[in-house]
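Hello,

The structure we spoke about is below. My notes on it follow.

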Amino acid sequence: GLVRPDLVDRAVGLARMLCALMPDEPEVRGLLALILLTDARRTTRCAPDGRLLLLEEQDRARWDRAAIDEGIRLVRGALRGRPGRFALQAAIAALHAQAPSYPDTDWGQIVRLYDLLGRTWPSPVVALNRAVALAMADGPAAGLAELDRLERDGKLAGYRYLPAARADLLRRLGRANEAVEAYRAALELTANHAERQFLASRLAEVSES
């Protein structure tokens, strides 16, 4: 499965315990906010038949609004002063949670938050996520250029989400043959059943175009 509810519930409990023990620590509030805001979409990540649902496909009316409201309150406190990695990640999650629809997401602000996150917590995975947000803000060609740079860098070799993201941008650009190769590369690296089903369906779709 995509989610282990028992582990998520345990993580929320531990984060709440930390908040009680360290009430003045912004990063602890940021951590709890990040978990709550991410888990608020738990029931919408898959269709009833088990098919993976992308963020743009999820029914926002079914998101856990109480968890989102609490997460947003925590983010506001966590962002005071110089925010750390958890506060910035939670702020990104809050923008997704607050957007009335996928196209109405403030992608420009998300890119700027990833810029801050990349300076606070340099990570190739952060750079990958930033490239995906950049593709939404400035178009797939801009995002693909960043992904190509990450691929040349080699730090994400073997990381399945790099070829998966690259495949999606190539698909959006109409570069079907290259998208097919990227989807196949992502499939080779993916063990999760729901993710494999999604990639295989996209591969079939692109192969027929």
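The buried residues of helix α1 are Val 8, Val 12, Ala 15 and Cys 19. Buried here means under 20% relative accessible area, exposed over 50%, and partly exposed in between, with a 1.4 Å probe and protein chains only. Those four residues lie on the same side of α1, because they cover an arc of only 65 degrees around the axis; the arc is taken from the directions from the helix axis to the C-beta atoms. The face turned away from this buried side carries the exposed residues Arg 10, Ala 20 and Leu 21. The buried residues of α1 pack against α2 (26–39), where contact means heavy atoms within 4.5 Å.

Before going on, the conventions. This is a predicted model, in which local features need pLDDT of at least 70 and side-chain atom pairs count only at pLDDT 80 or more, while totals for chains, interfaces and linings use all residues. Residues are numbered from 1 along each chain as its sequence is written, and side-chain values use heavy atoms, with hydrogens and water left out. Helices (H or I, at least four residues) and strands (E, at least two) are DSSP runs numbered from the N terminus.

On length, α1 spans residues 5–21, which is 17 residues, and reaches 24 Å from its first C-alpha to its last, close to the 24 Å expected at 1.5 Å a residue. The expected span is 1.5 Å times one less than the number of residues in the helix.

Next, the cores. A nonpolar core is a set of buried Ala, Val, Leu, Ile, Met, Phe, Trp, Tyr and Cys residues joined through side-chain atoms within 4.5 Å. The largest one has 37 residues, and those with the most contacts inside it are Leu 32, Leu 37, Ile 68, Val 75, Ile 110 and Tyr 114. At least two residues of this core come from each of α1, α2, α3 (65–78), α4 (85–98), α5 (107–120) and α6 (124–138). Helix α4 supplies the largest share, eight residues. A second, separate core of 24 residues includes Leu 144, Leu 150, Ala 165 and Ala 167.

Neighbours within four places in sequence aside, Leu 37 is in contact with Ile 68, Gly 71, Ile 72, Val 75, Ala 90, Ala 93, Ala 94 and Ala 97.

Helix α6 has Val 126, Leu 128, Ala 131, Ala 133, Leu 134 and Ala 135 as its buried residues. What covers them includes α5, α7 and α8. The end C-alpha atoms of α6 are 20 Å apart, which agrees with the 21 Å that its 15 residues should span at 1.5 Å a residue. Val 132 is also found in α6 and is partly exposed, with a relative accessible area of 35%. The C-alpha atoms of Val 132 and Gly 143 are separated by 5.8 Å, with the two residues eleven apart along the chain.

Now the charged residues. A salt bridge is a side-chain nitrogen of Lys or Arg within 4 Å of a carboxyl oxygen of Asp or Glu. By this rule the count comes to 15 salt bridges.

Glu 195 and Arg 160 form one of them, at 3.0 Å, N to O. This pair links distant parts of the chain, 35 residues apart: Glu 195 is in α10 (residues 193–208), and Arg 160 is in the loop between α7 (140–153) and α8 (161–172). Glu 195 counts as buried at 12% relative accessibility, whereas Arg 160 counts as partly exposed at 28%.

The side chains of Glu 205 and Arg 202 also meet in a salt bridge (3.8 Å, N to O). They are three residues apart in α10, so about one helical turn separates them. Arg 202 counts as buried at 13% relative accessibility, and Glu 205 is partly exposed, with a relative accessible area of 43%. Both belong to a network of salt bridges that links Asp 168, Arg 171, Arg 172, Arg 202 and Glu 205.

Which charged residue is buried yet has no salt bridge? That is Arg 60, and the nearest side chain of opposite charge, Asp 59, is 8.0 Å away. For charge, Lys and Arg count as positive and Asp and Glu as negative, with His and the chain ends not counted. Arg 60 lies in the loop between α2 and α3. Beyond neighbours within four places in sequence, Arg 60 is in contact with Leu 55, Arg 65, His 96, Ala 99, Pro 100, Ser 101, Tyr 102 and Thr 105.

Regards
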